Amino acid sequence: MSQGHAGGSSSARPPRFGVRLAGTGTCIPRTKVTNADLEKVMETTDEWITQRTGIKSRYIYKKELGETTAHFAIGAARAALADAGMTGADIDLVVVATMTTDAPTPSTSCIVSHAIGTHAAGGLDINGACSGFVYSLNVVHDMIKGGAYRNILLIGADRITQHVEFSTWGRGTSVLFGDGAGAIVVRATDDPSKGLLAQAMHCDGGGAKHLFIPASKEDFPNPADYEERKLNRVYMNGGAVFKFAVGTFSTLIEQTLEKAGLKAEDVDHYVCHQSNARILAAARERFGLPAEKLHVNIDHFGNTVAASIPLAFDEIRKAGRVHEGQKVMFLAFGAGLTWGSSLWQL
Ligand code: UT7
């Protein structure tokens with residue numbers, strides 16, 4: 001019987017292995033801002049914000065405290081490594097999902113890779129807006145499954161409130177958002193049953209102007225809408241995004257379950273992008289899910305863009321609700337327009 005050797009006709013096949021989520025961590029701004037605080041700087045009410053969005057408070061960065069996107073990403077990375085019992089030296093690749101890098105270059109992942117002391121591990125930023133973390137989770141899984149990487153540190157980090165205006169003029173968007181980061185250590189495991197059961201990544205640039213950040217006058221689809229104060233500020237057609245989100249969430253859940261051959265009740269946790277409590281409630285009702293299966297934390301974080309999913313996952317993990325053997329579906333939609341899912345066997 002052939003033993004297989006270099007240059008011989010039989011080659012050793014790579015062992016079958018799976019992918020697992022090994023540790024989580026978060027980092028949020030030091031400053032909590034309640035709806036009552038917002039009432040002091042703009043014409044709004046706690047009642048309006050609570051009824052329309054479910055948000056009661058959020059955490060907002062302060063420049064003078066050094067709270068950059070990289071600062072949050074590094075904090076979350078360190079917490080996730082500690083939770084996984086690992087150090088930066090164990091990491092092969094750092095991936096940061098963000099749409100708010102502190103500068104066009106270097107990427108946030110390069111800064112994180114250095115700060116946590118990897119041995120020159122690669123760094124990759126992925127911009128999928130609010131879908132960025134789910135997109136990245138799918139990419140990272142397949143990079144490990146492909147055999148080239150064993151330990152990837154994945155972070156969702158955004159400091160979106162630099163792009164909103166805390167005044168009556170900006171109240172349509174500023175009350176929605178918060179800042180922060182969450183991280184997950186994703187590792188190869190000898191157990192081939194663990195990893196992705198189904199995934200989806202979609203975008204429709206035809207809806208780009210429903211939710212975007214204009215950089216110049218020419219970015220405005222209707223020239224009459226242009227005002228200098230709108231530059232570099234989130235521009236959102238709230239009604240159109242709301243409609244898109246409610247429809248997308250249901251379709252995405254249905255299609256992902258179908259790909260995996262599962263029913264809604266087979267999934268233990270739906271970890272969703274937190275953009276509006278009403279959008280989450282609509283999805284929960286549509287599939288008859290109990291409240292404990294679809295975690296809502298928008299009340300205390302607001303919409304934190306790419307950070308919202310790892311912040312939510314860390315919360316349910318640290319509450320002792322996530323167990324090996326469970327199935328978890330991560331779901332998001334956002335600017336682009338983008339949407340995606342990632343269904344895991346833990
Ligand atoms: O991850 C990003 C994805 N984004 C989303 O998922 C957002 C989806 N959209 C939404 O969640 C909702 O569209 C919003 C919560 C943003 C807005 O709710 P809405 O029910 O669509 O309100 P609206 O924009 O139609 O505004 C209704 C009224 C307007 O006043 P008039 O014209 O009826 O007199 C607004 O000027 O509410 C006013 N308004 C506010 N009032 C008090 C807008 N913002 C505020 C505010 N406080 N903060």
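Visitor: How many bridges join strand 12 to strand 13?
Guide: Strand 12 (residues 327-334) and strand 13 (residues 338-345) run antiparallel and are joined by 8 bridges. Strands here are DSSP runs of E, at least two residues, and helices are runs of H or I, at least four, numbered from the N terminus. The model is predicted: local features need pLDDT of at least 70, side-chain atom pairs count only at pLDDT 80 or more, and totals for chains, interfaces and linings use all residues. Residues are numbered from 1 along each chain as its sequence is written, and side-chain values use heavy atoms, leaving out hydrogens and water.

Visitor: What stands opposite Val 328?
Guide: Trp 344, in strand 13.

Visitor: And what is the strand order in that open sheet of 4 strands?
Guide: The order is 8-13-12-11, with mixed pairing; two strands pair if DSSP finds at least two bridges between them. Strand 8 (195-203) and strand 11 (269-272) are the edges, each pairing on one side only.

Visitor: Which strands does helix 7 lie across?
Guide: Helix 7 lies across strands 8, 11, 12 and 13, at about 150 degrees to strand 12. Angles run from 0 to 180 degrees between N-to-C directions, with axes fitted to C-alpha atoms, for helices over the stretch in contact. Helix 10 (residues 308-318) also packs on this sheet, touching strand 11 and strand 12; contact means heavy atoms within 4.5 Å.

Visitor: How far is the side chain of Thr 44 from a nitrogen atom of the ligand?
Guide: An N or O atom in the Thr 44 side chain is 2.7 Å from that nitrogen. For Arg 171, a side-chain N or O atom is 3.2 Å from a ligand oxygen, and a polar side-chain atom of Ser 275 lies 3.3 Å from an oxygen of the ligand.

Visitor: What about the open sheet of 5 strands, what order?
Guide: That one runs 1-7-6-4-5, with mixed pairing. The edge strands are strand 1 (18-27) and strand 5 (122-126). Strand 6 (residues 151-158) and strand 7 (residues 180-189) are antiparallel, with 8 bridges; Gly 156 has Gly 182 as its bridge partner.

Visitor: Which strands does helix 3 lie across?
Guide: Helix 3 (residues 69-84) lies across strands 1, 6 and 7, at about 125 degrees to strand 1.

Key: Polar contact = N/O pair within 3.5 Å; in protein donor to acceptor, adjacent residues only side chain to side chain.
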